[in-house]
Amino acid sequence: MAFLEINRLHKQYGNVEVLKGVDIAIEEGGFLVLVGPSGCGKSTLLNSIAGLESITSGEIAIDGKVVNDLHPSKRDIAMVFQSYALYPSMSVAENIAFGLEMRGVSKAEREEAIQGVAGMLQIEHLLKRRPGQLSGGQRQRVAMGRALVRDPKLFLFDEPLSNLDAKLRVDMRTEIKRLHQKLGTTIVYVTHDQIEAMTLATQIAVLKDGILQQVGSPDEVYSKPANMFVADFMGSPTMNLIEARIENGSGALSVEIPQRDRSLSLPVPRPPSSLQSYSGKSVVLGIRPEDITDPDGADPKAEHIAHANCSVEVVEPTGADTFVVTQLGGKEVTGRMRNAAGLSVGADVPFAFNMGKIHFFDPATEQRIA
Amino acid sequence: MSAASKDTALRTGVIARALIYAILLVFAVFYLLPLFVMLVNSVKPLEEIRQGNMLAFPELFTIEPWIQAWGEAQIGVQPTGLKPYFINSLVMVIPAVIISTLLGAINGYVLTKWQFPGHRIVFGLMLFSCFIPFQIVLIPMARILGMLDLAGTTYGLILVHVVYGLGFTTLFFRNYYDAFPTELIRAATIDGAGFFRIFQRILLPSSGPIIVVTVIWQFTNVWNDFLFGASFADFDSQPMTVALNNLVSSSTGVKEYNVHFAGAILAALPTLIVYIVSGRYFVRGLMAGAVKG
C-alpha cells in the first residue's frame, strides 16, 4: 500500500462539484506535485488531505490509516501556506515552536528543536524577530521551519513560492529540493507553475476542472502527455498543436499539414500502433518548440529529421535561444533556434523537424493516439 | 513664467489657508465655549454668577462648588453629593464594558472564522439590535429584569448594557476579523490549537486597535446613558447621569449654578479622560477596520 492514497475523492460545494473522483497514490519519500490552472481544484485537494475541508465521498489514507474523519492536528501533517501564515504577534522562535507547545512538548525540548531547525534553514539570527520584520524569503524559511520542526509524516505545500520575486523563487526551489533529498520526507506540493512541477516532482499530477488528467513522473508527463491539455500545459513555450491529416502512401504513414499554397508533407518514422486507423482522417500533431530547429541546431542523435522551408513571422531572442514564430496549418508555430544569425522577418528559411518526438492527438476526444 | 505662476499659487495658497484657519478657529471657539462657561463658572462664588456675566473670569477663585458637588450637595433627599453615584457608575460601567467587549470579540470570531449555516442571518439580527430605539425595549426589559430578580440592581443594569452593546461590539469585531487571514487559523488548527486557544493566542494579540475602539464606544455609551439608569435603577444603584439630573432638579431654595456646573464636569470627566488618553487609537482603529474591511 502506498504511503498516501487517495481513492475516488469527490468534493462538492452546494451543486458545484470541485473534485470529480480523484485517485492518486504516492510512495514514502515521494514528491507529488499537483499542478493545474487556477480553479482546477488542486488547492481543494490539498486542503482535503490536510483535513481543513471536509470531503463529500472517497477515502484518504496516510501511512495505511484512513484519515477521513481525523482532525487536521491528528493527521501528523504539516503545511506551508501561500501567505506563510506566520502568527504576527509571536517571535520567529515562538512561531516555530507553537505546534510543539500545543502538543505539550517541554520547554527544553522545544528549545532544542528550534535550534536544530534554525540551523538547518540558517535563520538562527532571526529567532527573536517578529514576522513583520522579515523579508519575503525569510518568512518563507520560517514557514518551512515551522513545518519541519514537528517532523510529521507528510508535508503539504500550498503554492509556497508564488509570493516571492523571480530570483528568490528559483533559489528557494533549489533549497526545497535539497531539503527533500536530505530529509527524504514525503511531500505534496501545489503549484500552478509547470516549471516548479517539473523541477521538484518525483510524481506530477495534472488537474483540470476537478478531473485528474495524468499522473506520472515529470519525464512521462512531458514526453508522453496523455491529452492535449497536458501537452499544452506542461512546457514553456507550449507545445505546438497543429491540425493535420494522416496519409497512407505505399505502406509508410505521413502527416499532411495544409498550407495556403501547397500542403506540407512530413514522414512519420515510428507511428504509434493505432495511428494506422486514422489514415485519411484529421489528427492534431503536437511538436515541442525544441524539436523545431535550424538544420545545424538539430539534435545530432535524432534519427528522423525532416526539413521544410517556412517563412519567418516573428523573431524573439532570449539570449541563449531564439524563438522563431512561423505559420503551419493556419496556426502560429514556435521553433527554437540556436543560431539566430541571418534570420529576418518574412524570409523563407529551412526548419528541421525532429519527427522522432512528435505526438498525435485525436481532435474529437483530445486524447493521445498511442 | 513657471516662477511667476508658482508665486501666484503660493499667494492664493496663503490667503485660502488663512481663511480656512480663521473658519476653523471660529468653529473651535464655538465648540469650546460651553466647556469654557462651565469651567469658569464652576470656580466662582454664586454671587458672581448672579451678577450676570457668565463669560467673565472669576474675580474670586474658589473650589467650594466642586467640593459641594462631589460630597455635600443635596441629591434627591440625601445630602451625599455625587460621590456614591460616581462609584455606582464605575461599578456598572467597568464590568459592562469588559463583558460586552469580550462577548463581541468571540461573536466576531465565530461569525468570521467558524461560520455555520445561517451565520448571515444571525449577524443581521444582531445588527438590527443596533437600530432599535432604547424606548421600545423599556417595558419588556423591565419584565425580564423582574423575572430574573435583578430589578433595581447594578447587576441588572450591567445585563441591560451588555445586551444592548452586543450588537455594536459584534459589528466592530466581525468587520475587523473579516480581514484577518483565514490561513492563520488554518495553520493554528494544524498546529493543534483549539477554538479558544486560537482566539486567545492568535486573534486577541492582534486585536489591539479594535479593542480600543470598542472599549471607548462602550464606555462612553454606558457612562452617558440616562434612560436605562433612570428606568431600571434604585436609589442605591443609580448611575452618575441620573444623580446629576437629581442634583440639578433638587430645589433647596436657590439654584446653585456653580455646583451644577462642577457636577456636570465631574459627570463628563471619565469619558473625557478616556478620549484624551486613547483618542488617537480610536481614529486609528476605525481606519484600520475601514481599510481592511
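In this predicted model, the buried residues of helix 4 of chain A pack against strand 6 (77-80), helix 2 (92-102), helix 3 (107-121), strand 7 (154-158) and helix 5 (166-183) of chain A, together with helix 8 (182-191) of chain B. Of the 13 residues of helix 4 of chain A, 10 are buried, so the rest of the structure largely encloses this helix. Among the buried ones are A:G137, A:Q140, A:R141 and A:L148.

The length of helix 4 of chain A can be checked. At 1.5 Å a residue, its 13 residues (136-148) should span 18 Å. The end C-alpha atoms are 18 Å apart, which agrees.

Next comes the sheet. Six strands of chain A form an open sheet in the order 6-7-8-3-9-10, with mixed pairing. Strand 6 and strand 10 (211-216) of chain A stand at the edges with a single partner strand each, so one side of each has no neighbour in the sheet. From one strand to the next, the twist averages 15°.

Strand 9 (residues 203-208) and strand 10 of chain A pair in the antiparallel sense, over five bridges. A:L207 has A:L212, in strand 10 of chain A, as its bridge partner.

Helix 1 (residues 42-50) of chain A lies across strand 3 (31-35), strand 6, strand 7, strand 8 (186-191) and strand 9 of chain A. Helix 1 runs at about 150° to strand 7 of chain A.

Finally, the cysteines. The structure holds zero disulfides over all chains. Two cysteines count as buried, being under 20% relative accessible area:

| Residue | Relative accessibility |
|---|---|
| A:C310 | 4% |
| B:C130 | 12% |

Notes: Residues numbered from 1 in each chain as written. Chains lettered and ligands numbered in written order. Predicted model: local features only at pLDDT ≥ 70, side-chain atom pairs only at ≥ 80, totals over all residues. Heavy atoms only, no water. Helix = DSSP H or I, 4+ residues; strand = E, 2+ residues; numbered from the N terminus. Expected span 1.5 Å × (residues − 1). Buried < 20%, exposed > 50% of the residue type's maximum accessible area, 1.4 Å probe, protein only. Contact = heavy atoms within 4.5 Å. Disulfide = S-S within 2.5 Å. Pairing = 2+ DSSP bridges. Axes fitted to C-alpha atoms, helices over the stretch in contact; angles between N-to-C directions.
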